[in-house]
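Dear colleague,

Please find the structure below.

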Amino acid sequence: MSFQRLNFEEGLDLFQNADLFDLQKMAVEQRNKINPVSEVTYVIDSNPNYTNACTADCLFCAFYRKPGDEEVYVRSLDDVRNMMKDAQAQDATTVLLQGGLHPDLKLDYYLDIIKMTVAEFPGIIPHFWSAPEIDNIAEVENITVREVLQKMYDVGQLSLPGGGAEILSQKVRNRISPKKHKVDRWLHIHEVAHEIGMKSTATMMYGHREEPEDIIIHLQAIRDIQDRTGGFTAFVPWTYKKDNTLLGKKVTRETTPEDYYRILAISRLYLDNFDHIQASWFSEGKDTGVKSLSYGADDFGGTLFEENVHAETGFINKTSAEGLCSMIRKAGFTPVQRDTLYNKVLTVKS
Ligand code: SF4
């Protein structure tokens, strides 16, 4: 089948109406044109946090505490150094360090963490701070996000994580996180990061207040940026976990594994300028994760040795690098370890 770029209406029609088997077939065909047919990549990583203080009050979030709350913490440079040591001891090459939107932390706090990581942990590529955090730092310092990102890049940050995207449709954002920065700001920050020389990932959290067209609006927005910059390494969708969140009381629908497979497949087809689509054992559970690798994904995410955001919703899932490889094999693929920037590190023999 020859494949032509889907427009909005075609994408929405396929997403809503295509038989899942047909969608799967098309997505796998597209995946195999871009990525080695028999391989699935993964990364050894950890996802610690430096603060849980946050002013954004997102309705879907169980992780944050309001500034002044007795459970608020802010990790010192030494604390973060110890997190890096733990990650290094487990052979991690990626640390995704993120936190809430702290009202007072200055840019130097963040730059010191990047400098310490680059100097003391050369095997770890800093993959720190989501777009809302970058906006928050710029606000605290009263400078532009370009200045923040440039200073971070200059001391060694090469990659920005895609958190904070949720659904890039302002209508949905107004319902689930009205105080968080607007869709245009998330997109602008990633585009500026790419212009400076950083790579980044794009994420999507679905399964709450969005409609099918909001999913395609999201895919269209990141596809447009990718056309201009080529700076996104991968797209990473996951389902909303509603326990312990204010929004959870209002969301009555339950997402199914089939919903996830459909999201992966339409992402692969719509994002024709993305090399990598990531499926997750972590956010979807191991069985669904293994099956989802047959719906157009070519990457299985990471080991996530430390993770606190999903854990606050009561959703806890653990594995090791060996466990991750064995899930990839179970799905019929050869595991290939990669780094943060999707460079291959090692093909894992069985
Ligand atoms: S999702 Fe992020 S920005 Fe929103 S409340 Fe939670 S920590 Fe804050």
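Tyrosine 109 is buried, with a relative accessible area of 16% (buried means under 20% relative accessible area, exposed over 50%, partly exposed in between, with a 1.4 Å probe and protein chains only). This is a predicted model, in which local features need pLDDT of at least 70 and side-chain atom pairs count only at pLDDT 80 or more, while totals for chains, interfaces and linings use all residues. Residues are numbered from 1 along each chain as its sequence is written, and side-chain values use heavy atoms, with hydrogens and water left out.

Rings of Phe, Tyr and Trp (its six-membered ring) pair if their centres lie within 6.5 Å; planes under 30 degrees apart count as stacked, over 60 as edge-to-face and the rest as tilted. By this rule there are 10 aromatic pairs. In one of them, the ring centres of tyrosine 50 and tyrosine 109 are 5.9 Å apart and the planes stand at 45°, so the pair is tilted. The two residues are 59 residues apart in the chain, and tyrosine 50 is buried, at a relative accessible area of 0%. Ring pairs join Tyr50 and Tyr109 with Tyr110, Phe128 and Trp129 in a cluster.

Tyrosine 261 and tyrosine 295 form a stacked pair, with 4.4 Å from centre to centre and 5° between the planes. Both tyrosine 261 and tyrosine 295 are buried.

Yours sincerely

Notes. Helix = DSSP H or I, 4+ residues; strand = E, 2+ residues; numbered from the N terminus.
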